Amino acid sequence: MLATRWEPWTELNRLSREMDRLFSRGGNGGVMGVGSFPALNVREDEDNVYAEAELPGFHMDDMEIYVTGNQLTLKGERKPPEHEGGTWHRQECSYGKFSRMIELPGDIDSEKVSAEFKNGVLHITLPKSEAVKPRRIEVKAN
């Protein structure tokens, strides 16, 4: 039987994010609100945590990435394209600022974080802090 510890604040934060996402998309005329955010995948291996965010149409100059302890914050702004003249018939793409903070599975060595933006996907490599990496304990036998 797998025993997990129930963390009510984690559940409340997840519920809050889902509510923000539910009410900030589609009903605001295509403008991203503070609660809007890009799709994000997070995975880990023994040494790193990896985050990928879908950000088509973004420029890295309009993105900010912060890592504090076990929190990753992405902030950015997608600016609308500039067109002179003409009339919009449909404008479904979202523009504006967003901010998203997620809790990572452990503390991160923020000095070694790296990010790459390729084909509209932001790839962030977050090395785990030495304190949270699994450590093999040698057992001494007498």
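The protein chain exposes about 11000 Å², of which carbon and sulfur atoms supply 49%; accessible areas come from the Shrake-Rupley method with a 1.4 Å probe, and for residues only the protein chains shown count as cover. The model is predicted: local features need pLDDT of at least 70, side-chain atom pairs count only at pLDDT 80 or more, and totals for chains, interfaces and linings use all residues. Residues are numbered from 1 along each chain as its sequence is written, and side-chain values use heavy atoms, with hydrogens and water left out.

Of the 142 residues in the protein chain, 27% are buried, meaning under 20% relative accessible area (1.4 Å probe, protein chains only). Among contacts (heavy atoms within 4.5 Å) with a separation of 6 or more, 55% are between residues 24 or more positions apart.

The protein chain holds one helix and seven strands, in the order α-β-β-β-β-β-β-β from the N terminus. Helices (H or I, at least four residues) and strands (E, at least two) are DSSP runs, numbered from the N terminus.

Four strands form an open sheet in the order β1-β2-β7-β6, with antiparallel pairing; two strands pair if DSSP finds at least two bridges between them. Its edge strands, each pairing on one side only, are listed here.

| Edge strand | Residues |
|---|---|
| β1 | 40-44 |
| β6 | 114-118 |

From one strand to the next, the twist averages 15 degrees; axes are lines fitted to C-alpha atoms, and angles run from 0 to 180 degrees between N-to-C directions.

β6 runs antiparallel to β7 (residues 121-127), and five bridges join the two. Phenylalanine 117 has leucine 122 in β7 as its bridge partner.

Notes
Buried means under 20% relative accessible area, exposed over 50%, partly exposed in between (1.4 Å probe, protein chains only).
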